[in-house]
Amino acid sequence: MASPSGSANGGVIGVSNKTSFGKCTVTSKTSTGTITTQPGTRLVETLVVAGGGGSGVGNGGGGGGGGFRQISCISVCGNTPYPITVGGGGVAGVPSCSAGGQGVSSVAGFPSNPITSAGGGGGGTEGPPAPMKEGGDGGSGGGGNGYGSGPPSGPNCQAAGDGNTPSTTPPQGFPGGTGNAGPGSGNYKGGGGGGASEAGENGSAASPKGSGKGGDGSPSTITGSDVTYGGGGGGGGNSPSSVPSGPGGSGGGGTGGMSGGASTTATAGTANTGGGGGGGANSPNTAKAGGSGIVVVKELNKASGVWSM
């Protein structure tokens, strides 16, 4: 005789198993569109990297890396399209006009858990005639410009932008480094943009150091390869000595430009990494754009709970 207290599944107590047969399919989106899940997919993991910030001009700060977020076990329905937004890189600063532009946010639009990563902050820029600008806030913060520090140049215009803005847990990025003027004439060193795993380096007056290095990005193996995303751009500057410009952080950060004793041309952030643009030198006064972001979705093979019996 069956026990009156027995259950339909043989006495095992637990949540009924909801399996996901996603075949570990990986889809990388490098432009805005949709992702349609496999018929058996119920759970996905997603990496969302925003566009990197554009750099500043004239001893400019490096652009901040795009925000980096990787989330697992997001509930979805099978054979269903979901909207994906891939953010573009921030525009380069324009001489006597504007600081580097903030990168554009990337979004994985799953209704059960929408994931947004914020664009990297733009690098600080030198005037005049336009007012000097400090580094901008963002997924990671833009570096500060390397020229003035107070009126009439502007209030604390060497300051760097804050990272992880808006705040997420774990942090989606880190702050940029501050700029530095001096000692001596024509000695200006921009700060590096923040990266997804560390802050940008400050510009340094101490020889032989130069402009700040961009903060390193964060690695991910979601695609099956070990790839780093969200590196900050190196700071630009000018120096009578042969000091280096700021190198970009790992994860697509651009190299800063340097004029004076050394000559280095700034480079842009790498496309589809969310890297920040390298800061512009004093001459030529050319800033660089940030790199575009990316969204990667992995459809999981996964079982949870207990089997019915």
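## Strand β15 and its sheet

Six bridges tie β4 to β15, and the two strands run antiparallel. (Strands here are DSSP E runs of at least two residues, helices are H or I runs of at least four, and both are numbered from the N terminus; two strands pair if DSSP finds at least two bridges between them.) One spot to look at in this pairing is Val-49, which stands opposite Ile-294 in β15. A word on the model: it is predicted, so to speak of a local feature takes pLDDT of at least 70 and to count a side-chain atom pair takes pLDDT 80 or more, while totals for chains, interfaces and linings use all residues. Residues are numbered from 1 along each chain as its sequence is written, and side-chain values use heavy atoms, with hydrogens and water left out.

On to the rest of this sheet. It's an open one of four strands, in the order β2-β15-β4-β5, with antiparallel pairing. β2 and β5 (68–75) sit at the edges with a single partner strand each, so one side of each has no neighbour in the sheet. Neighbouring strands are turned by 15° against each other on average, direction ignored (axes are lines fitted to C-alpha atoms, for helices over the stretch in contact, and angles run from 0 to 180 degrees between N-to-C directions). Four bridges join β2 (residues 26–29) to β15, again antiparallel, and there Lys-29 stands opposite Val-295. β4 and β5 are joined by six bridges and run antiparallel, with Val-48 facing Arg-69 of β5. As for cover, five of the six residues of β15 are buried (buried means under 20% relative accessible area, exposed over 50%, partly exposed in between, with a 1.4 Å probe and protein chains only).

## The other open sheet

Four strands also line up as an open sheet in the order β3-β6-β7-β8, paired antiparallel. At its edges stand β3 (33–36) and β8, each with a single partner strand, so one side of each is left without a neighbour in the sheet. The twist from one strand to the next averages 20°. β6 and β7 (residues 106–108) run antiparallel and share two bridges; Thr-85 stands opposite Val-107 of β7.

Leaving aside neighbours within four places in sequence, Ile-35 is in contact with Thr-27, Lys-29, Thr-80, Pro-81, Tyr-82, Ile-84 and Val-297 (contact means heavy atoms within 4.5 Å). Ile-35 and Gly-109 are 74 residues apart in sequence, with 9.8 Å from C-alpha to C-alpha.

## What's packed inside

The largest nonpolar core has 13 residues, and Val-44, Ile-84, Ala-108, Phe-110, Val-295 and Val-297 touch the most other members. β4 (43–49), β6 (81–85) and β15 (294–299) each supply at least two residues of this core. (A nonpolar core is a set of buried Ala, Val, Leu, Ile, Met, Phe, Trp, Tyr and Cys residues joined through side-chain atoms within 4.5 Å.) Another core lies apart from it, with eight residues, among them Leu-47, Ala-196, Tyr-229 and Val-296.

Back to Phe-110: not counting residues up to four places away in sequence, Phe-110 touches Val-44, Thr-46, Ile-74, Val-76, Tyr-82 and Val-297.

## Aromatic pairs

The structure holds two aromatic pairs. In one of them, the ring centres of Tyr-147 and Tyr-188 are 4.8 Å apart and the planes meet at 65°, so the pair is edge-to-face. (Rings of Phe, Tyr and Trp, the last by its six-membered ring, pair if their centres lie within 6.5 Å; planes under 30 degrees apart count as stacked, over 60 as edge-to-face and the rest as tilted.)

This pair links distant parts of the chain: Tyr-147 is in the loop between β8 (115–117) and β9 (180–181), Tyr-188 is in strand β10 (residues 188–189), and 41 residues separate them. Tyr-147 is partly exposed at 30% relative accessible area, whereas Tyr-188, at 18%, counts as buried.

## A loop residue and the whole chain

Ala-289 is found in the loop between β14 (258–260) and β15, and is partly exposed at 30% relative accessibility. Not counting residues up to four places away in sequence, Ala-289 touches several glycines, including Gly-53, Gly-54 and Gly-90.

Overall, the protein chain has zero helices and 16 strands. Of its 309 residues, 52% count as buried. Among contacts with a separation of 6 or more, 58% are between residues 24 or more positions apart.
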